[in-house]
Amino acid sequence: MKKKKQVQKIDFKSEKEFPLMPMSVGSMLFNKTGAWRNIKPVIDLENCIQCGICWKFCPDVAIIIEDEWPVIDYDYCKGCGLCAEECPSKCIAMVEEEK
Amino acid sequence: MGNHALSYGAMLGRSQVIAAYPITPQTQVVELLSEMCADKTLDATFIKVESEHSAMAACLGASLTGARTFTATSSQGLTLMHELLHWASGGRLPVVMGNINRAMAPGWSIWSDQNDSLSQRDTGWIQFYCANNQEVLDTVIQAFKVSEKLLIPSMVILDAFTLSHTYEVVDIPEQEKVDEFLPPFKPEITLTPDDPHAFGGLTSPEHYFELRYKLQKDMEKVEALIEKTGREYEKIFGRYLGIVEEHLCEDADLIFITSGTMGSTAKVAVDELRKEGIKVGNLRIKVFRPFPFEIVRNIVKRAKKVAVVDRNISYGHHGMFFQEVKSAVFGQTNGIPIFGFITGLGGRDITPSTFREIAQYAQEKEKPEENIVWIGVKK
């Protein structure tokens, strides 16, 4: 697999420094949609079978596989619960967010 | 026929991807193009789709990969595309599209008026209105060049039946000469797996405003570019497109302002009226977006009266060309009376006698007494 592309937020003083098309402006770097979440998924790795289904299903690409284990990126997870629903070993729990 | 003139324009322009859905009165445009793709007269991918919305979506994807892209539609099909018309201009994708002016339903109509394309006027597309088949073909080829230079999509518009299905002799330029005029489309930014980007993604208030500013700034360059491109085309092919067509406006007391095929009808009427000693002229507007404010203002200034003839209506207001002409001259013409006429909706014929009636009305009245003078309504 190719190396992940590094994205940068485009900061600009003049429109001339800005692309013509709305293209890779890097807005997702600062627009952290994880703040929308009310409930969050928590993975019990004891029961995880490393099937990768949560990683495949996550509509926000907020589950990353690190050293073959799923890790949730809470900066972008909106708490939809799809991963918990799809997990065949039922090792993802949706828990209330605390302030 | 006008429809085939569109097809030949798209072919000579070496369109690479064509995605379209057939609709009366546009059908022959894509019929011929699909045949050309099938028998390899044209080396292009023809994508069959299930709706006009998908047709434009396919064009956008193709254009983003750097392919020269063409489609054609009409009326209900065009308005179904509406959302994606914004995507094309906002994404700066120079798609060229033929649109056959057909009245909007209900009542269900296949006949001509301009409400379909004019209700797309704020979508950021360049709009060309044609009066004959030669102009249709020439405009398509030039539209590719203009659009690709500024990355703004173009609509080439012709009246249903009076142009789309009318046979005329058309000079079809040689491919080599068209190639000389129109080099391959090579955008700087393209969609490619080698350099992935998110196109048209979430754009916060911090970034969005400048995109629109830049689109407008480039739109302001279109008029000069059409002139320049037109001269290049003229040098090779001997025909100049231009922004407007003037017919005996120089010394006219009354100037008709027209668009599309009624512009040719108006010329016939002007010649007849001139023989009777009535000094009229005709100004046919070929480019509606961007609107040629300065050109129109300078021509209108010479007249004593102006009659704008609209084959369309903005409900609750009046004719759309009338709006634009008034705004072009506002505060700058010492109150020359400008009359707004609406006629020919839903394909009712516009004939030289329509223009006689208009001229008579404008001559009798000192100034307009109403915003819409209806010609031909059975009251």
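In chain B, seven strands make up an open sheet of mixed pairing, ordered β2-β1-β3-β4-β6-β5-β10. Helices (H or I, at least four residues) and strands (E, at least two) are DSSP runs numbered from the N terminus, and two strands pair if DSSP finds at least two bridges between them. Because β2 (45-48) and β10 of chain B each have a single partner strand, they stand at the edges of the sheet, and one side of each is left without a neighbour there. On average, neighbouring strands of this sheet are turned by 20 degrees against each other, direction ignored; axes are lines fitted to C-alpha atoms, for helices over the stretch in contact, and angles run from 0 to 180 degrees between N-to-C directions.

The model is predicted: local features need pLDDT of at least 70, side-chain atom pairs count only at pLDDT 80 or more, and totals for chains, interfaces and linings use all residues. Residues are numbered from 1 along each chain as its sequence is written, while chains are lettered from A and ligands numbered from 1 in the order in which they are written.

Within the sheet, strand β4 (residues 96-101) of chain B pairs with β6(B) in the parallel sense over six bridges, and V96(B) has S154(B) as its bridge partner in β6(B). Helix α3 (residues 52-64) of chain B packs on the sheet, where it touches β1 (17-20), β2 and β3 (69-74) of chain B, and its direction makes about 165 degrees with that of β3(B). Contact here requires the C-beta atoms of two residues, placed from the backbone, to lie within 7 Å.

Strand β5 (residues 126-129) of chain B is paired on the one hand with strand β6 (residues 154-159) of chain B, in the parallel sense and over four bridges. The chain passes from β5(B) to β6(B) through helix α7 (residues 133-150) of chain B, in a right-handed β-α-β crossover; right-handed denotes a path from the first strand over the helix to the second that runs clockwise with the strands pointing away from the viewer. On the other hand, β5(B) is joined by two bridges to strand β10 (residues 287-289) of chain B, and these two run antiparallel. Q127(B) takes part in both pairings: it stands opposite M155(B) in β6(B), and its bridge partner in β10(B) is R289(B). From β5(B), I126(B) and F128(B) point one way and Q127(B) and Y129(B) the other, and all are buried. A residue is buried if 20 or more other C-beta atoms lie within 10 Å of its own, exposed if 12 or fewer, and partly exposed in between, with C-beta atoms placed from the backbone.

Overall, chain B comprises 13 helices and 13 strands, and 52% of its 379 residues count as buried. Its C-alpha trace spans about 70 × 50 × 45 Å along the principal axes. Among contacts in chain B between residues at least 6 apart in sequence, 79% join residues at least 24 apart. Helix α1 (residues 2-12) of chain B is mostly covered, with eleven of its eleven residues buried. Just after α1(B), R14(B) adopts a positive phi of about 50 degrees.

In chain A, C80(A) is located in the loop between β3 (69-72) and α3 (82-86). C80(A) counts as partly exposed because it has 18 C-beta neighbours inside 10 Å. A distance of 9.1 Å separates the C-alpha atoms of C80(A) and M94(A), which are 14 residues apart along the chain. The contact between the chains takes 13 residues from chain A and 19 residues from chain B.
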